Amino acid sequence: MDSKDPDKASDHSSLHGSLLRHFSKSAIDLTRSRDRSNDRSNDRPNDRSDGGAGGAAAAGDDRAERPDQPHLAEKVALVQKTHGFLSTIRNRFQKSHSREHSASRDQPNGTSRTGSVPDVSQKENSDHGADSSDPSGSNTPNSKSPRKGSGAKLNGGGEPGQDSSQYASLNQHDFFVLDVYLKHGRNLPAMDSSGTSDPYVKFKLGGKVVCKSKIVYKTLNPLWDEWFQIPVDDPFQQLQVKVYDHDWGMNDDFMGESELDISTLEPSKEQELTLPLVDPSKSGEQGSITLTANLVPKSKEERDQLTGSGSKGADPKKLKNQQWSSVVTIVLVEAKDLMAMDSEGTSDPYVKLRLGAEKYKSKVVDRTLTPRWLEQFDMHLYDSGSQILEIEVFDHDARSKDDFMGKTTVDVSKLEREKTHRLWTELEDGAGSVFILLTISGMTNVETISDLLTHQEDVEQTEQIKQQFALKSSFKQVKEVGHLTVKVFKAMGLASADIGGKSDPFCVLELVNSRLQTQTEYKTLAPQWNKIFFFNVKDIHSVLEVTVYDEDKDHKVEFLGKVSIPLLKIRPGERRWYALKDKKLLGRAKGNNPQVMLEMDLVWNPVRAGIRTFNPREEKYTRPELKFKRAVFIRNVNRLKEMGAGFAEGAKFIKSIFDWDSKPRTIAAFIAFMVGVYSFELYMAPAALLVVFFKGWVVNLITSGFRSADEDEFVGDDDDDDDDKDKAKDKKKEPSEDEKKSLKEKLMAVQEVTAMVQNILGYIASLGECVQNTFNFTVPFLSWLAVLVLSVAAVILYSIPIRYLVMLFGVHKFSKKLLRPNAIPNNELLDFLSRVPDNDQLRQYRELRPTQVSDAERRREQRMKQAQKKSA
């Protein structure tokens with residue numbers, strides 16, 4: 001045979017294929033006839049139970065009924081030998097032909113992992129071989145237990161048992177991923193005294209447990225609704241499905257099992273199967289479970305990417321880490337009206353979250369029916385995975401099994417992407433409801449709604465937004481203050497967080513409780529995200545926080561840099577670099593002058609913003625808890641000292657007047673006091689404050705030319721470092737166990753008190769600085785708003801008698817609860833001052849000078865702008 005002649009090669013190949021199909025078909029027919037004869041022998045009533053003469057008689061009858069068994073075995077052996085001989089010839093022909101013609105390697109026969117079609121007869125024998133745990137005790141090699149998946153009903157098409165073409169098609173691929181969607185179980189046996197069970201499922205492949213479902217409590221018809229991805233190297237094996245009943249503190253009870261022959265699944269076709277469960281120690285079926293299976297072929301390159309080059313088996317966790325399509329950020333806020341599970345009429349609730357194979361558990365909140373967790377969890381969504389978020393609430397018990405308090409589900413597929421949703425969900429099988437914030441972002445798909453490269457500005461939508469927040473529409477939708485657009489282009493100079501000197505950075509944008517993020521760019525210190533995000537602004541005094549993280553294994557993150565940008569400081573339509581700061585927002589972040597390029601556009605209504613200023617500020621749920629720190633305590637004390645110094649000077653001046661240290665000054669002060677008291681009217685109080693504002697405005701106008709918008713870096717105090725040194729010294733002392741316990745008890749006793757004192761001092765200092773910054777025109781919008789309010793107050797006080805104003809104030813307070821029963825009690829003055837930044841916040845918002853961009857980088861940005869203009 002001349003391997004160089006393509007016509008001869010094709011003739012030989014077709015001849016070989018026809019012979020191979022002929023003998024394969026003969027092998028399958030012979031094997032199936034042999035199985036039918038075995039099944040008839042197994043159906044005889046005393047073939048296994050009777051011993052001695054009865055068993056011998058049965059065996060004799062069986063031999064009498066099968067006179068052709070030796071001839072059948074000889075035929076099977078002949079077909080096997082012929083099939084092996086033809087397979088060897090085909091392998092040699094393919095190898096010689098592939099060396100001369102590289103194109104032939106792209107044909108299906110050339111991509112086979114083994115280089116030959118499996119021995120059909122041997123495969124049938126191995127599939128029908130008896131398992132060591134077979135309850136029938138059969139040692140006949142051709143018998144197959146009915147519990148080994150033979151009872152599977154393929155509702156989605158296909159039937160058990162495939163011919164050689166099926167084996168050949170499976171051998172074309174190097175690797176598979178079995179997508180299993182576990183739906184529900186029906187009519188499972190009762191294993192508990194209450195007449196129910198707590199079932200869960202284990203999937204075993206090659207004798208190893210590859211995945212395990214959740215436990216569904218107190219039911220015989222469980223609804224799992226879970227998705228699993230199982231890596232499969234060899235599709236010619238059985239997937240064992242075993243169901244157990246969970247028992248607290250005891251061995252779990254076996255409920256039944258079944259098997260699924262993976263080779264019977266048609267590749268890349270989803271099939272629904274109902275698997276009957278069988279218990280070897282019991283007769284009849286033990287219920288059934290329903291699942292959907294899809295065998296997805298993968299290439300060798302995909303396998304290397306998913307499982308790591310050279311690995312013998314796939315790691316399901318690594319497989320999922322590479323395939324998630326978006327990030328689901330969940331902020332677990334609170335719950336209300338939960339069931340009382342303890343004798344005191346309270347509970348110790350905690351929450352379990354589950355999305356696909358990923359699950360988290362919250363902290364326990366003791367003795368309450370209205371817990372507040374304020375915890376954030378990042379879960380990952382897969383295109384072919386489960387889209388159902390499961391939320392289960394439990395009551396923690398130290399000495400017994402935790403009590404189930406209720407569950408709820410959220411269909412993530414129905415929620416809008418790139419938007420933070422506020423969800424109150426009612427609990428089923430219990431009482432109460434749970435409040436969460438849910439955001440789907442960080443999408444890895446190329447063409448998404450947030451992709452800047454494919455984004456085209458909608459002129460009509462832009463004009464509609466401008467009209468929505470125009471002055472003439474000020475009293476429509478008062479709670480909607482503005483609309484923010486943020487374009488995240490790229491970053492540069494980031495610190496290396498990985499061993500190879502690179503990072504896997506992604507960018508997170510937070511506006512109060514709205515949180516969006518970009519995709520992760522792997523192995524780079526200069527990522528290009530090119531994303532566009534939209535935020536609904538409810539308070540113009542909010543701060544946009546842009547943080548860059550490095551993604552590590554198991555989805556953990558490492559801080560790379562952060563910048564805080566007050567909305568009132570945004571210059572619309574300006575693309576610029578922002579220097580990234582450290583966690584304290586005082587100095588530069590680690591790296592080579594790290595910075596991020598942003599472009600923002602803000603459209604807002606000043607009337608709505610002014611009204612919102614005198615209402616309570618929205619609470620940020622993910623704000624870290626303020627714990628006691630010596631450095632923070634000392635800083636708050638120093639802030640109070642600075643404020644007290646001004647009051648001390650004022651008190652000293654007043655005392656000098658009364659002590660007649662300067663007679664002209666005392667006489668002038670006395671005359672001003674008498675005239676002022678005699679002619680004082682209430683409207684003069686806001687008028688006097690207006691004079692103070694005028695003074696601050698003049699001072700700010702004069703000194704603004706000497707201050708630059710880009711300030712130098714602020715060098716923080718070394719108190720935190722001193723704390724770390726003190727802790728290190730304390731660790732070196734190594735106190736005894738008794739000393740450790742007593743020290744811990746003392747610290748726990750004073751921790752709450754010291755933290756409370758620290759926070760009170762900080763609040764007082766912050767309040768004083770806010771008042772000072774209001775008069776200094778630190779935030780011009782707030783200062784001018786205060787001037788406007790004081791002017792209106794002065795006019796009203798001058799025009800309307802005070803008694804009418806007091807009566808009007810009383811009517812407002814008494815009728816507020818009736819007219820607005822859901823209104824939150826508030827103090828308008830404190831709400832206004834909460835919008836004014838204190839000195840610490842001003843240092844955090846201060847921008848650092850970004851590094852100069854090279855000419856090549858500048859030219860590249862100009863070309864990008866021109867390309868976007870042309871596309872628009």
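The model is a predicted one. Phe777 is likewise assigned as buried, with a relative accessible area of 4%.

A search of the whole structure gives 19 aromatic pairs. In one of them, the ring centres of Phe693 and Phe777 are 6.2 Å apart and the planes stand at 90 degrees, so this pair is edge-to-face. The two residues come from distant parts of the chain, 84 residues apart: Phe693 belongs to helix α12 (residues 684-703), while Phe777 is in the loop between α14 (737-775) and α15.

Phe777 also forms an edge-to-face pair with Trp784, with 5.2 Å from centre to centre and 70 degrees between the planes. Trp784 has a relative accessible area of 45%, which lies between the limits of 20% and 50%, so Trp784 is partly exposed. Phe693, Phe777 and Trp784 belong to one aromatic cluster that also includes Phe694, Trp697 and Phe775.

## Packing of α9 against α15

Helix α9 (residues 606-613) packs on helix α15 (residues 780-799) at an angle of about 75 degrees, and the axes are 11 Å apart. The angle falls in the range of 65 to 115 degrees, so α9 is roughly perpendicular to α15.

On the α9 side, the contact is made by Pro606, Ala609, Gly610 and Thr613. Helix α15 contributes Phe781, Leu782 and Leu785. Of the residues in this contact, five are nonpolar and two are polar, with no charged residue.

## Charges over rings

Leu374 has a phi near 55 degrees, a positive value in a residue other than glycine. Its place is in strand β13 (residues 372-382). The relative accessibility of Leu374 is 31%, so this residue counts as partly exposed.

Glu418, also a residue other than glycine, has a positive phi near 55 degrees. Glu418 is located in the loop between β15 (403-411) and β16 (420-426). With 11% relative accessibility, under the limit of 20%, Glu418 counts as buried.

Definitions and conventions
Residues numbered from 1 in each chain as written. Predicted model: local features only at pLDDT ≥ 70, side-chain atom pairs only at ≥ 80, totals over all residues. Heavy atoms only, no water. Axes fitted to C-alpha atoms, helices over the stretch in contact; angles between N-to-C directions. Helix = DSSP H or I, 4+ residues; strand = E, 2+ residues; numbered from the N terminus. Parallel < 35°, antiparallel > 145°, perpendicular 65-115°, else oblique. Contact = heavy atoms within 4.5 Å. Nonpolar A, V, L, I, M, F, W, Y, C, P; charged D, E, K, R; others polar. Phe/Tyr/Trp six-rings, centres within 6.5 Å; stacked < 30°, edge-to-face > 60°. Buried < 20%, exposed > 50% of the residue type's maximum accessible area, 1.4 Å probe, protein only.
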